[in-house]
Amino acid sequence: MSVLAWTYLLVGLSFTLYLVIAWLSRVKDTRGFYVAGRGIPASVNGMATGADWMSAASFLSMAGLISTMGYAGGVYLMGWTGGFVLLALLLAPYLRKFGHFTVPDFIGDRYESSTARIVAVVCAVFVSFVYVTGQMRGVGVVFARFLEVDINAGVVIGMTIVFVYATLGGMKGITWTQAAQYWVLITAFLVPAIAISIQLTGQVVPSVGMGSSLTGEQVYLLDRLNQIHADLGFASYTAPFEHPAWNRLNVFCTTLALMVGTAGLPHVIVRFYTVRTVSAARWSAFWALFFIGLLYLTAPATAAFARYYMIQSLQGQSGEELPPWFRSWERTGLIVWLDDGDGRVRYSNREDNEIFRSGALTSVRFAEIRADHERWLSGGRGADGRAVLRELGLSGPDTDIIVLATPEMAGLFNWIIALVAAGGLAAALSTASGLLLVISSSVAHDLYFRIVNPQATEARRLLVGRTVIGLSVVVAGIFGIYPPAFVSQVVAFAFGLAASSFFPAIVLGIFSRRVGTIPAIAGMIVGIGFTSSYIVGYVFFGMPAWFFGINAQGIGAAGMALNFLVAAALTPLFPPPSAEVQRIVENIREPEGAGPALEIESAPEH
Amino acid sequence: MPPPEKPRNPPVRRLQPLGHYWIANLRLMATLLIIWAAAGLGAGVLFADRLNELGPSLGGFPLGFWFAQQGSIILFILLILVYAIAMNRLDAQHHLEIEKASHEDQR
């Protein structure tokens, strides 16, 4: 069976599974819709959190990024796992005890302010939208390559699937679907990694294989990579801080921003509302990181293997010798070879590099560059496309293809290659649905029900919730078709914003009884204002990195610190919160009585 | 880290044991967070280059690189495991204290 047939089969089967689960767990009330009726076992919730968490960026882009970044790729590994420690220790059990539906609910009630609630809603919606854009794009990339449809058609298909099961099942449907998606994506990630690890190093566990020597040689894989990198002019694979963009301060700030951002992402936090008790919230944080760890410990190994294969299978090949995977990916523009006339591929970090990507260029513009290059090659007028693309910063292949192409590079079975496509889709869809639910609950619950129309009936609130999800899917799809930047970069911004807005407000809300309304709101506004203006200025208006040279991805750490500082500095000047809020804080810290007492949540006056 | 709460006049009697509970909780949290920072941000980032050069290598891994891409993740998982076990034990103890206190109230 061909790869294409296998892909259709596996993707079709997995999609059917998701829809069946969605139908079986369809819901009738808002409690089921937003927090799955709080009846999800800790380990299932952990799995769902894992799938929710591991996005198209984790599955498709992360290993690719590590593959090109080497050591500095660790910022994603540490950042995206380290955040769960903060989440488990500082937030999850307390927010579960607090027991309302959403993050803006906590902010609004703890700080007794509709303004705070609205600021939180805006942040939640903004962060989730930024994040969901990357997912839709990921769906498009997978469809484009594996199902041979247009990238935009792929986005539309993905949107339709998410639309159906998110509106049908709400949080309950999404949670059970995500648990299924976890197994699809982890299998799809581990099977090829294990196969390649055995092939390259003879080790079954990829994490071990990465640190082992190559089969039949005395050289460690990582040493060999460092040597190849040195020969081709790339920075060392294992040595830190060699690239000026990833100096010690930037690696530190980016790691911290990703950690804190992870803990502040509303779609992750909301998962801990869906378990039965405070204790289950803690266990589900453990299970979540355990399940996530399986992928995150394997990703750096996949990255190193892919780096090795990529260079080995391209370097010095003639046009006819190029492997078939290269030809199939060349069509997507994610990897392109512009020869200098010697008919041999050369991939390096110098001016003689011949491997590029089309990036955000339109296909018309890109075809022009290639045509110009052909003319230039045959001695006519035209321009050296390599210089043009280098100027545009498009040297090297797109990092998004590493995970998708590695099984092909390693010559694995067709079904394994197809499995990766199904896994990538599972990762993108599961995260997208979790995010859409946050957007829906923020707008329909926090904004519509809590502020605009508190008299709304159950049926009406559910209708508003579903409508908002539907609209969000469409908007997210449009962003996916016209993406602002490539997948991981978009996602990284969501973290900076989450780090600088929610995290400090929630932590202060739990661990201090003294911080009142105005300091908290001021902190959030300063934090998110500073971070977003810095990122927008840096990325879109060519602003220099004036704040100690920290890049856009790391600035969230500074934004978070500012948020804390502003809130702490203003606190003595403003009155403490009311006795009612003091009681709420006291109650959040008390682990007892988180069970049946919460039934009151479903009461209409809530 | 906020300072430990000063004992106020608790409005309800059952809040009394929360004092011990809360301090024990903060202490456990602080310890685990220090390990968290030392492993991830310390060994994985701030001292990664020195560990790469000076530390013993683990098979083919330079030590700093290993911390950044493997070790810190393994530690993070263990930290949450320890936290979940220790806190749930603390919760159970706290539960007993409350029950005892309410029995004494009834007497």
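Chains A and B in a predicted model

A compact globule of 606 residues would have a radius of gyration near 25 Å, and chain A has 24 Å, so the value for chain A agrees with that expectation. The model is predicted. Taken along the principal axes, the C-alpha atoms of chain A fill a box of roughly 80 × 50 × 50 Å. Of the 606 residues in chain A, 57% are buried. The contacts of chain A can be sorted by sequence separation: among those between residues at least 6 apart, 80% join residues at least 24 apart. In secondary structure, chain A has 23 helices and two strands.

Chain A is divided into two parts. Domain 1 covers 3-310 + 404-602, and domain 2 covers 318-398. Taken over C-alpha atoms, the centres of domain 1 of chain A and domain 2 of chain A are separated by 34 Å. Where the two touch, domain 1 of chain A contributes nine residues and domain 2 of chain A contributes nine residues. On the domain 1 side of this contact, the elements that give two or more residues are helix 7 (114-146) and helix 17 (401-409) of chain A. Helix 17 of chain A gives the most to that side, with three residues. By class, the side of domain 1 of chain A that touches domain 2 of chain A consists of five nonpolar, two polar and two charged residues.

Next comes chain B. Its secondary structure amounts to three helices and zero strands, and along the sequence the pattern reads α-α-α. Chain B has 107 residues, of which 35% count as buried. Among the contacts in chain B with a separation of 6 or more, residues 24 or more positions apart account for 56%.

The last topic is the contact between the two chains. Chain B puts 41 residues into this contact and chain A puts in 45 residues. Helix 1 (18-46), helix 2 (48-54) and helix 3 (63-106) of chain B each supply at least two residues of the side of chain B that touches chain A. The largest share of that side, 20 residues, comes from helix 3 of chain B. Sorted by class, the residues of chain B on this side are 27 nonpolar, 12 polar and two charged.

Methods
Residues are numbered from 1 along each chain as its sequence is written. Chains are lettered from A and ligands numbered from 1 in the order in which they are written. This is a predicted model: local features need pLDDT of at least 70, side-chain atom pairs count only at pLDDT 80 or more; totals for chains, interfaces and linings use all residues. Two residues are in contact if their C-beta atoms, placed from the backbone, lie within 7 Å. Helices (H or I, at least four residues) and strands (E, at least two) are DSSP runs, numbered from the N terminus. Ala, Val, Leu, Ile, Met, Phe, Trp, Tyr, Cys and Pro count as nonpolar, Asp, Glu, Lys and Arg as charged, and the others, Gly among them, as polar. A residue is buried if 20 or more other C-beta atoms lie within 10 Å of its own, exposed if 12 or fewer, and partly exposed in between; C-beta atoms are placed from the backbone. Domain bounds come from an automatic or database domain assignment. The radius of gyration is taken over C-alpha atoms; the globule rule is 2.2 Å times the number of residues to the power 0.38.
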